[in-house]
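Here is a short report on salt bridges. Look at the structure first, then read on.

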Amino acid sequence: MRCLVSTLFILWMSASFAQQTVGLFTQTTGSTDGYVLFAPTRSDSTYLIDKCGKRIHQWSSSYNPGLSVYLLPNGNLLRSGFIQNPYFAAPGGIIELYNWDDSLLWSYQILDSLETQNHDIYPMPNGNILVVIWEKYTPTEAIDAGRNPAFVGTELWSAKIQEIEPVGSNTANIVWEWRLWDHLVQHFNASKSNYGVIADHPELLNINYMAGNPGAIDWIHLNAVSYNEQLDQIVICSHSLSEIYIIDHSTTTAEAASHSGGNSGKGGDFLYRWGNPAAYNLGTANDQKLFLPHSPYWIPAGYPGENKIMIFNNGVNRPGGSASSVDVIAPPVDASGNYIITPGMAFGPATTDWSYSAPTPSNFYSNIMGGAQRLPNGNTLVCESTQGNFFELDTLSNIVWRYVNPVNNSGPLQQGTTPSGINSYRSIWYPVNYSGFAGHTMTPGEPIELNPLPYNCIMNTATGLSTATTQTGDFVVENPFGTTIHIFSASTAGRLNLNLYSAKGELIVQWKNISVLENSSINLSLPHQLSGGIYFLTYSGNNLNGSIKLIKTSE
């Protein structure tokens, strides 16, 4: 389904209203219709809002998030929870499943003195769940694996990925497992079986690479997992080592612990890695591209940039100053889909395929957490986590929608108060026609924040169109458009003259004296095939006059 948008004008009704500090800041032409799911890290509630910043639904738990949440295709909420524990200084420990009515259907703890669920989970198409798990090793175990004793403290944390199948109300079957510990290399102790030249083994992790933090027990800080069903591969992310890794999910658990098997023939070894080639001795600090990153995932098929990998690059201690960016890379592959690496050189690419940073780079910065999501029309939804700041970029990197999380550990905040503690791990967009919404009431309520500012923004749930009152009229235009341009009017606009221009100002086509009636839809047929890109639709007549930027999809 294509989405319809128009310009939102927030009404500052009088000086008696509070200064805006949270909630909806921006909703302009070009923003993508739909709903946004998020879980404030210091709250036990998860929220679903529409693009007008209105509360659509809310779920409550006994736990703050630990850290991710997802809305499943059947309308259930999948979330991880944070159980305070004496074993790991990390958020996580329990996974929960709620139905739409906020009833707990299933919960499963992964938490003891040796391991804990942490940071991320991922719902798989088969109904199973991928889970990031941190696990603990003793100093003796670390040294036996070739760790330099000078880098060994009281313990060492590594990581693993499990695929679990929910069973009953509180148990699960482990159907697949991959351990990082099975894929180590070291050049310190020649008596160990994993001794080797680091640069000769980019498929393995150097157990003695410290990223400038020798002796740290939180050595890897694995913080994210995502899955590509078409490739049957998993991408994971190390915050501490500033790298992402791709592994083969088609393996058995036994093959995942080895160096052979699966579609790749490489078992559980890294098929690809990117971000910090110094970690495998094929680069220096000057070659580093990622700086404590989060949330890598494959852009879905059919979306602009499909099958490339989007990463939230936190940019901590980046050369030139700490500043975040959203980066998209296109991993090099051969005709068979194998990742290409030239012997003696690091994995490519040398540059990003697309990147966003703020005009003043330091104005966009989250030193921890963070995520980004490509939308079907080529826009990008970004979560600047530590600021609780969710914003949508159009294809020209203009901010067309912005919302600030209004919830902290005290609950919803008063509009006008200085927000603090409004971190949110991610924000996730879902389209209006998402299957998880079927059969449920999607009537927007009030904004989440207390004492909200008045503004005009209406989401037409009957038609699935996001509309907003402009200063002169009340109609919306399909964006992006395909072979026709669709217009919907929520009130009488009368007869209009419409002109479509290219981004260079060239007149493409005119429509004269077009009748636009209340609650009606019209389709403007295009005289010939247009290439994908930016266009402008101007309208005039019946006391209306304005221009709307449109995006033409590639056919």
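## Salt bridges in a predicted model

Arg179 is partly exposed, at 26% relative accessibility. Here, buried means under 20% relative accessible area, exposed means over 50%, and partly exposed lies in between (1.4 Å probe, protein chains only). The model is predicted: local features need pLDDT of at least 70, side-chain atom pairs count only at pLDDT 80 or more, and totals for chains, interfaces and linings use all residues. Residues are numbered from 1 along each chain as its sequence is written, and side-chain values use heavy atoms, leaving out hydrogens and water.

Arg179 has a salt-bridge partner, Glu177. A salt bridge is a side-chain nitrogen of Lys or Arg within 4 Å of a carboxyl oxygen of Asp or Glu. Glu177 is buried, at 16%. The whole structure holds twelve salt bridges. Three of them are listed here.

| Pair | Closest N and O atoms |
|---|---|
| Glu155 and Lys136 | 3.6 Å |
| Arg179 and Glu177 | 3.3 Å |

Take Asp353 and Lys308. Asp353 sits in the loop between β22 (325-329) and β23 (354-356), and Lys308 in the loop between β20 (294-298) and β21 (309-313), so the pair ties together parts 45 residues apart in sequence. Strands are DSSP runs of E (at least two residues), and helices are runs of H or I (at least four), numbered from the N terminus. Asp353 is partly exposed, at 44%. Lys308 is partly exposed too, at 24%.

Some salt bridges share partners. They join Glu115, Glu135, Lys160, Glu177 and Arg179 into one network.

Is Glu155 buried or exposed? Glu155 is buried, at 19% relative accessibility. Its partner Lys136 is buried as well, at 17%.
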